[in-house]
Amino acid sequence: MHPASRARPSARRAVPRRRFTGWFLVLALLLGLGLSAPGAQATTTTANPASVWWEAYPNLPLYPDNSTNPNKRVIDIGIHSPSTDNMTVKWVRVLLPENWSKDADRTWPTLWMLHGGGDDHTSYTDQTHIEEMVADEDVMVVMPETSKCSSYLNWWNYGDGSQPPNWEDYIVDEVSDILESQYRASGERSVLGISMGGGGAMMLAGKHPGHFKAVAAISGAVNMLHYDAEEAIQGPSVVKAGALNCGVDWKRINGEPGYPFYTDVESDVRQRQLWIDNSALGVAEGLRGTPLFVSFGNGSTVDPGWLWNGAQTATPSPGRCQATPPPKGFDGIGSFVERAIRGQNLDFAAELAARGIAADVCMTYGQHEWQYWEREIYAALPMLLDAIDA
(Lines give C-alpha, C1' and ligand atoms only; values in the text may rest on other atoms or scores of the structure.)
Protein backbone atom coordinates (compact mmCIF):
# COMPACT_ATOMS: atom_id res chain seq x y z
CA MET A 1 0.00 0.00 0.00
CA HIS A 2 1.44 3.38 -1.02
CA PRO A 3 1.43 5.97 1.79
CA ALA A 4 -0.77 8.36 -0.18
CA SER A 5 -3.70 5.98 0.32
CA ARG A 6 -4.02 6.40 4.07
CA ALA A 7 -4.34 9.17 6.64
CA ARG A 8 -1.74 9.81 9.30
CA PRO A 9 -1.30 12.47 12.01
CA SER A 10 0.46 15.66 10.97
CA ALA A 11 2.50 16.57 14.06
CA ARG A 12 5.69 18.36 13.11
CA ARG A 13 9.08 17.35 14.44
CA ALA A 14 10.24 18.70 17.77
CA VAL A 15 12.72 15.96 18.55
CA PRO A 16 16.15 16.96 19.90
CA ARG A 17 19.05 15.58 17.92
CA ARG A 18 21.03 12.90 19.71
CA ARG A 19 24.57 11.79 19.04
CA PHE A 20 26.73 9.36 20.98
CA THR A 21 30.37 10.41 21.04
CA GLY A 22 32.71 8.63 23.39
CA TRP A 23 32.52 5.44 25.35
CA PHE A 24 31.47 7.19 28.57
CA LEU A 25 28.26 8.32 26.86
CA VAL A 26 27.60 4.85 25.53
CA LEU A 27 28.08 3.41 29.00
CA ALA A 28 25.79 6.04 30.51
CA LEU A 29 23.11 5.18 27.99
CA LEU A 30 23.50 1.50 28.65
CA LEU A 31 23.09 1.93 32.40
CA GLY A 32 20.59 4.74 32.45
CA LEU A 33 18.34 4.16 29.44
CA GLY A 34 18.05 0.42 29.39
CA LEU A 35 20.06 -0.27 26.26
CA SER A 36 20.95 -3.84 25.57
CA ALA A 37 24.48 -4.94 24.83
CA PRO A 38 24.44 -8.20 22.84
CA GLY A 39 27.84 -9.35 24.03
CA ALA A 40 27.53 -12.68 22.28
CA GLN A 41 27.36 -10.76 19.01
CA ALA A 42 30.66 -8.94 19.50
CA THR A 43 32.04 -11.50 17.07
CA THR A 44 29.82 -12.75 14.27
CA THR A 45 29.70 -16.17 12.70
CA THR A 46 30.84 -14.80 9.33
CA ALA A 47 34.04 -13.20 8.08
CA ASN A 48 32.42 -9.79 8.50
CA PRO A 49 34.90 -7.58 10.41
CA ALA A 50 32.00 -5.49 11.76
CA SER A 51 29.95 -6.57 14.75
CA VAL A 52 26.96 -5.44 16.78
CA TRP A 53 27.93 -3.99 20.14
CA TRP A 54 24.76 -2.23 21.33
CA GLU A 55 21.05 -1.98 20.64
CA ALA A 56 18.65 0.81 21.62
CA TYR A 57 14.93 1.29 21.14
CA PRO A 58 14.29 5.06 20.87
CA ASN A 59 10.88 6.61 21.34
CA LEU A 60 9.71 8.68 18.37
CA PRO A 61 6.61 10.91 18.04
CA LEU A 62 4.70 8.20 16.15
CA TYR A 63 5.96 5.52 18.56
CA PRO A 64 6.20 7.21 21.98
CA ASP A 65 6.24 3.87 23.85
CA ASN A 66 8.69 2.08 21.56
CA SER A 67 11.26 1.52 24.31
CA THR A 68 8.78 -0.48 26.42
CA ASN A 69 6.35 -1.84 23.83
CA PRO A 70 7.10 -5.48 22.96
CA ASN A 71 6.06 -4.73 19.35
CA LYS A 72 9.16 -2.70 18.43
CA ARG A 73 8.89 -0.29 15.50
CA VAL A 74 12.32 1.40 15.79
CA ILE A 75 15.75 0.05 16.66
CA ASP A 76 19.15 1.74 16.78
CA ILE A 77 21.91 -0.79 16.14
CA GLY A 78 25.40 0.14 17.33
CA ILE A 79 28.03 -1.33 15.00
CA HIS A 80 31.76 -1.46 15.60
CA SER A 81 34.01 -1.92 12.60
CA PRO A 82 37.66 -1.40 11.66
CA SER A 83 36.33 0.03 8.40
CA THR A 84 35.08 3.10 10.28
CA ASP A 85 38.38 3.89 12.04
CA ASN A 86 37.80 1.26 14.73
CA MET A 87 37.29 3.99 17.31
CA THR A 88 33.58 4.55 17.94
CA VAL A 89 30.30 2.73 17.51
CA LYS A 90 28.38 3.86 14.45
CA TRP A 91 24.62 3.68 14.68
CA VAL A 92 22.11 2.35 12.20
CA ARG A 93 18.51 3.42 12.82
CA VAL A 94 15.95 0.99 11.41
CA LEU A 95 12.21 1.55 11.16
CA LEU A 96 10.63 -1.86 11.59
CA PRO A 97 7.45 -3.20 9.99
CA GLU A 98 4.61 -4.34 12.18
CA ASN A 99 5.12 -7.84 13.61
CA TRP A 100 8.85 -7.78 12.94
CA SER A 101 11.07 -9.82 15.23
CA LYS A 102 14.52 -11.34 15.14
CA ASP A 103 12.91 -14.77 15.41
CA ALA A 104 10.42 -14.34 12.57
CA ASP A 105 10.16 -17.13 10.03
CA ARG A 106 10.30 -14.66 7.17
CA THR A 107 12.48 -11.75 5.99
CA TRP A 108 11.69 -8.19 4.90
CA PRO A 109 12.99 -6.02 2.04
CA THR A 110 14.96 -2.91 2.95
CA LEU A 111 14.76 0.73 1.92
CA TRP A 112 18.07 2.42 2.68
CA MET A 113 18.19 6.17 3.30
CA LEU A 114 21.66 7.75 3.21
CA HIS A 115 22.20 11.01 5.10
CA GLY A 116 23.83 14.17 3.81
CA GLY A 117 26.96 15.97 4.93
CA GLY A 118 26.81 17.09 8.54
CA ASP A 119 23.93 14.72 9.31
CA ASP A 120 23.61 11.26 10.85
CA HIS A 121 21.26 8.30 11.38
CA THR A 122 18.66 10.46 13.14
CA SER A 123 18.28 13.08 10.40
CA TYR A 124 15.40 11.55 8.46
CA THR A 125 13.31 10.87 11.55
CA ASP A 126 14.15 14.30 12.99
CA GLN A 127 13.48 16.28 9.82
CA THR A 128 10.79 14.34 7.90
CA HIS A 129 7.71 12.22 8.46
CA ILE A 130 9.26 9.06 7.07
CA GLU A 131 7.82 7.00 9.96
CA GLU A 132 4.27 7.97 8.97
CA MET A 133 4.97 7.50 5.27
CA VAL A 134 6.02 3.87 5.71
CA ALA A 135 4.06 2.94 8.84
CA ASP A 136 1.85 0.45 6.99
CA GLU A 137 4.49 -0.72 4.51
CA ASP A 138 6.00 -4.19 4.72
CA VAL A 139 9.56 -2.89 4.68
CA MET A 140 12.52 -2.16 6.93
CA VAL A 141 13.86 1.39 6.51
CA VAL A 142 17.62 1.47 7.11
CA MET A 143 19.33 4.76 8.02
CA PRO A 144 23.06 4.20 8.64
CA GLU A 145 25.35 6.73 10.24
CA THR A 146 28.67 7.34 8.47
CA SER A 147 30.47 10.65 9.13
CA LYS A 148 29.76 14.29 8.38
CA CYS A 149 32.12 14.09 5.40
CA SER A 150 32.23 10.38 4.46
CA SER A 151 31.26 10.81 0.78
CA TYR A 152 30.40 7.08 1.14
CA LEU A 153 33.87 6.28 -0.20
CA ASN A 154 36.79 4.14 0.77
CA TRP A 155 39.07 7.09 1.42
CA TRP A 156 42.20 7.56 -0.68
CA ASN A 157 44.49 8.34 2.27
CA TYR A 158 47.31 9.45 -0.01
CA GLY A 159 47.29 6.11 -1.82
CA ASP A 160 47.47 3.95 1.30
CA GLY A 161 44.49 1.66 0.79
CA SER A 162 45.21 -0.20 4.04
CA GLN A 163 44.04 2.76 6.12
CA PRO A 164 40.42 3.42 7.16
CA PRO A 165 37.82 4.72 6.83
CA ASN A 166 36.29 2.51 4.15
CA TRP A 167 32.69 3.70 4.02
CA GLU A 168 31.84 1.91 0.78
CA ASP A 169 32.83 -1.44 2.27
CA TYR A 170 31.01 -0.62 5.48
CA ILE A 171 27.69 0.15 3.79
CA VAL A 172 27.65 -2.37 0.95
CA ASP A 173 29.26 -5.33 2.67
CA GLU A 174 29.24 -5.03 6.44
CA VAL A 175 25.96 -3.35 7.36
CA SER A 176 24.09 -5.28 4.67
CA ASP A 177 25.47 -8.56 6.01
CA ILE A 178 24.62 -7.73 9.63
CA LEU A 179 21.04 -6.83 8.79
CA GLU A 180 20.56 -9.91 6.67
CA SER A 181 22.24 -12.36 9.03
CA GLN A 182 20.93 -11.02 12.34
CA TYR A 183 17.87 -8.82 11.80
CA ARG A 184 15.74 -10.68 9.23
CA ALA A 185 16.43 -8.33 6.33
CA SER A 186 16.22 -9.85 2.87
CA GLY A 187 18.56 -9.18 -0.03
CA GLU A 188 15.94 -7.01 -1.74
CA ARG A 189 17.18 -3.44 -1.31
CA SER A 190 16.43 0.00 -2.69
CA VAL A 191 18.21 3.21 -1.71
CA LEU A 192 17.55 6.95 -1.43
CA GLY A 193 19.91 9.72 -0.44
CA ILE A 194 19.93 13.49 -0.10
CA SER A 195 22.88 15.77 -0.90
CA MET A 196 26.09 13.83 -0.07
CA GLY A 197 23.89 10.77 0.45
CA GLY A 198 22.24 11.24 -2.95
CA GLY A 199 25.60 11.15 -4.69
CA GLY A 200 26.56 8.20 -2.48
CA ALA A 201 23.38 6.29 -3.32
CA MET A 202 23.91 6.59 -7.08
CA MET A 203 27.65 5.95 -6.81
CA LEU A 204 27.27 2.81 -4.69
CA ALA A 205 24.52 1.44 -6.91
CA GLY A 206 26.58 2.10 -10.04
CA LYS A 207 29.70 0.48 -8.58
CA HIS A 208 27.75 -2.55 -7.34
CA PRO A 209 25.12 -3.28 -9.99
CA GLY A 210 22.20 -5.24 -8.58
CA HIS A 211 22.95 -4.52 -4.93
CA PHE A 212 20.15 -1.95 -4.93
CA LYS A 213 17.05 -2.59 -7.04
CA ALA A 214 16.12 1.12 -7.34
CA VAL A 215 17.86 4.42 -6.56
CA ALA A 216 16.67 7.94 -5.76
CA ALA A 217 19.03 10.91 -5.47
CA ILE A 218 17.54 14.13 -4.13
CA SER A 219 19.77 17.19 -4.52
CA GLY A 220 22.52 14.62 -4.96
CA ALA A 221 26.23 15.45 -5.23
CA VAL A 222 26.52 13.34 -8.39
CA ASN A 223 29.42 15.08 -10.19
CA MET A 224 31.73 17.00 -7.88
CA LEU A 225 33.95 17.94 -10.85
CA HIS A 226 31.24 20.12 -12.36
CA TYR A 227 32.65 23.59 -12.96
CA ASP A 228 30.74 26.80 -13.58
CA ALA A 229 32.75 30.01 -13.33
CA GLU A 230 29.55 32.01 -12.70
CA GLU A 231 28.72 30.06 -9.54
CA ALA A 232 30.17 30.88 -6.13
CA ILE A 233 30.43 27.27 -4.94
CA GLN A 234 32.17 24.43 -6.76
CA GLY A 235 32.10 20.74 -5.85
CA PRO A 236 35.63 20.46 -4.41
CA SER A 237 34.92 23.46 -2.17
CA VAL A 238 32.02 21.53 -0.62
CA VAL A 239 34.34 18.58 0.05
CA LYS A 240 36.84 20.91 1.70
CA ALA A 241 34.16 22.47 3.87
CA GLY A 242 32.83 19.06 4.87
CA ALA A 243 36.29 17.85 5.82
CA LEU A 244 36.77 20.96 7.96
CA ASN A 245 33.51 20.07 9.69
CA CYS A 246 34.97 16.60 10.35
CA GLY A 247 38.33 17.95 11.46
CA VAL A 248 40.25 15.99 8.80
CA ASP A 249 42.53 16.78 5.87
CA TRP A 250 40.20 16.99 2.85
CA LYS A 251 42.81 15.43 0.57
CA ARG A 252 42.52 12.13 2.45
CA ILE A 253 39.02 11.60 1.07
CA ASN A 254 39.57 11.58 -2.69
CA GLY A 255 42.88 13.31 -3.32
CA GLU A 256 42.94 16.56 -5.28
CA PRO A 257 40.75 17.17 -8.35
CA GLY A 258 43.36 18.96 -10.46
CA TYR A 259 42.56 21.49 -13.20
CA PRO A 260 40.51 23.70 -13.21
CA PHE A 261 40.35 23.58 -9.41
CA TYR A 262 43.18 25.19 -7.41
CA THR A 263 45.55 25.19 -10.41
CA ASP A 264 45.77 27.04 -13.73
CA VAL A 265 47.86 24.33 -15.39
CA GLU A 266 45.64 22.22 -17.66
CA SER A 267 48.00 19.25 -17.55
CA ASP A 268 47.89 19.19 -13.74
CA VAL A 269 45.26 16.49 -13.23
CA ARG A 270 46.46 15.16 -9.83
CA GLN A 271 43.82 12.60 -8.67
CA ARG A 272 41.14 13.70 -11.14
CA GLN A 273 40.51 10.14 -12.33
CA LEU A 274 39.78 9.07 -8.77
CA TRP A 275 37.14 11.80 -8.53
CA ILE A 276 35.58 10.50 -11.74
CA ASP A 277 35.67 6.85 -10.72
CA ASN A 278 34.10 7.69 -7.35
CA SER A 279 31.23 9.72 -8.77
CA ALA A 280 27.73 8.79 -9.85
CA LEU A 281 28.45 10.22 -13.28
CA GLY A 282 31.63 8.15 -13.61
CA VAL A 283 29.86 4.85 -12.84
CA ALA A 284 26.66 5.63 -14.74
CA GLU A 285 26.91 2.49 -16.90
CA GLY A 286 26.47 0.35 -13.79
CA LEU A 287 23.01 1.88 -13.31
CA ARG A 288 21.64 0.47 -16.56
CA GLY A 289 18.39 -1.39 -15.97
CA THR A 290 17.90 0.06 -12.46
CA PRO A 291 14.87 2.32 -11.86
CA LEU A 292 16.27 5.81 -11.17
CA PHE A 293 14.75 8.95 -9.68
CA VAL A 294 16.85 12.14 -9.97
CA SER A 295 15.46 15.27 -8.33
CA PHE A 296 17.13 18.64 -7.74
CA GLY A 297 16.14 22.26 -7.19
CA ASN A 298 16.83 25.42 -9.15
CA GLY A 299 17.99 27.44 -6.14
CA SER A 300 14.93 29.67 -5.81
CA THR A 301 13.14 30.48 -2.57
CA VAL A 302 9.54 29.46 -3.09
CA ASP A 303 6.82 27.77 -1.11
CA PRO A 304 7.34 24.02 -1.55
CA GLY A 305 3.69 23.80 -2.59
CA TRP A 306 3.37 20.73 -0.42
CA LEU A 307 3.31 19.88 3.24
CA TRP A 308 2.93 16.44 4.78
CA ASN A 309 -0.53 16.17 6.32
CA GLY A 310 -0.99 12.42 6.28
CA ALA A 311 -3.60 12.48 3.55
CA GLN A 312 -3.70 11.75 -0.16
CA THR A 313 -3.93 15.48 -0.85
CA ALA A 314 -0.26 15.69 0.14
CA THR A 315 0.79 14.14 -3.17
CA PRO A 316 3.36 16.44 -4.84
CA SER A 317 2.23 17.98 -8.10
CA PRO A 318 4.00 16.78 -11.27
CA GLY A 319 4.17 20.45 -12.24
CA ARG A 320 6.92 20.91 -9.66
CA CYS A 321 9.34 19.40 -12.18
CA GLN A 322 8.92 22.27 -14.65
CA ALA A 323 11.31 24.69 -12.96
CA THR A 324 12.89 27.50 -14.94
CA PRO A 325 16.66 28.21 -14.99
CA PRO A 326 18.08 29.19 -11.60
CA PRO A 327 18.08 32.75 -10.33
CA LYS A 328 21.29 34.69 -10.02
CA GLY A 329 22.51 36.61 -7.02
CA PHE A 330 22.71 35.80 -3.34
CA ASP A 331 19.62 34.21 -1.83
CA GLY A 332 21.18 32.36 1.08
CA ILE A 333 23.65 29.48 1.28
CA GLY A 334 20.88 27.03 0.34
CA SER A 335 20.51 28.84 -2.97
CA PHE A 336 24.24 28.81 -3.78
CA VAL A 337 24.55 25.11 -2.95
CA GLU A 338 21.46 24.02 -4.86
CA ARG A 339 22.42 25.95 -7.99
CA ALA A 340 25.76 24.12 -7.97
CA ILE A 341 23.91 20.85 -7.39
CA ARG A 342 21.66 21.69 -10.34
CA GLY A 343 24.68 21.88 -12.63
CA GLN A 344 25.96 18.52 -11.37
CA ASN A 345 22.61 16.88 -11.95
CA LEU A 346 22.18 18.30 -15.43
CA ASP A 347 25.58 16.75 -16.25
CA PHE A 348 24.44 13.43 -14.77
CA ALA A 349 21.10 13.47 -16.58
CA ALA A 350 22.88 14.20 -19.87
CA GLU A 351 25.29 11.29 -19.28
CA LEU A 352 22.42 8.91 -18.59
CA ALA A 353 20.56 10.10 -21.70
CA ALA A 354 23.68 9.76 -23.88
CA ARG A 355 24.00 6.14 -22.75
CA GLY A 356 20.34 5.41 -23.26
CA ILE A 357 19.79 4.78 -19.53
CA ALA A 358 16.26 5.63 -18.44
CA ALA A 359 15.68 7.90 -15.45
CA ASP A 360 12.86 9.96 -13.98
CA VAL A 361 14.49 13.41 -13.85
CA CYS A 362 12.76 16.23 -11.99
CA MET A 363 14.12 19.78 -11.74
CA THR A 364 12.03 21.54 -9.12
CA TYR A 365 11.75 24.99 -7.63
CA GLY A 366 13.56 25.12 -4.31
CA GLN A 367 16.79 25.23 -2.34
CA HIS A 368 19.10 22.85 -0.51
CA GLU A 369 16.72 22.42 2.42
CA TRP A 370 14.57 19.77 4.13
CA GLN A 371 11.24 21.42 3.31
CA TYR A 372 11.87 20.61 -0.35
CA TRP A 373 13.54 17.26 0.23
CA GLU A 374 10.63 15.78 2.18
CA ARG A 375 8.35 16.46 -0.77
CA GLU A 376 10.72 14.61 -3.10
CA ILE A 377 11.19 11.71 -0.68
CA TYR A 378 7.44 11.16 -0.77
CA ALA A 379 7.41 11.40 -4.56
CA ALA A 380 10.17 8.77 -4.85
CA LEU A 381 8.65 6.23 -2.47
CA PRO A 382 6.35 4.37 -4.93
CA MET A 383 9.25 3.51 -7.27
CA LEU A 384 11.55 2.52 -4.42
CA LEU A 385 8.98 0.29 -2.73
CA ASP A 386 7.66 -1.28 -5.94
CA ALA A 387 11.18 -2.32 -6.97
CA ILE A 388 11.52 -4.47 -3.85
CA ASP A 389 7.89 -5.68 -3.74
CA ALA A 390 7.26 -3.89 -0.44
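Visitor: Which hand does the link of cysteine 321 and cysteine 362 have?

Guide: With -95° about the S-S bond, this link is left-handed. Keep in mind that the model is predicted: local features need pLDDT of at least 70, side-chain atom pairs count only at pLDDT 80 or more, and totals for chains, interfaces and linings use all residues. Residues are numbered from 1 along each chain as its sequence is written, and side-chain values use heavy atoms, with hydrogens and water left out.

Visitor: What counts as a disulfide?

Guide: A pair of cysteine sulfur atoms within 2.5 Å. Here, the sulfur atoms of cysteine 321 and cysteine 362 are 1.9 Å apart.

Visitor: Where do cysteine 321 and cysteine 362 lie?

Guide: Helices (H or I, at least four residues) and strands (E, at least two) are DSSP runs, numbered from the N terminus. Cysteine 321 lies in the loop between strand 8 (292-297) and helix 9 (333-354), and cysteine 362 in strand 9 (residues 360-364), so the pair ties together parts 41 residues apart in sequence.

Visitor: How many disulfides does a search of the whole structure find?

Guide: Two. The other joins cysteine 149 to cysteine 246, S to S 2.2 Å. Its S-S torsion is about -130°, so this disulfide is left-handed.

Visitor: Is cysteine 149 buried or exposed?

Guide: Buried means under 20% relative accessible area, exposed over 50%, and partly exposed in between (1.4 Å probe, protein chains only). Cysteine 149 is buried at 4%, while cysteine 246 is partly exposed at 27%. Cysteine 321 and cysteine 362 are both buried.

Visitor: What pattern do the disulfides follow?

Guide: Counting bonded cysteines along the chain, the pattern is 1-2, 3-4.
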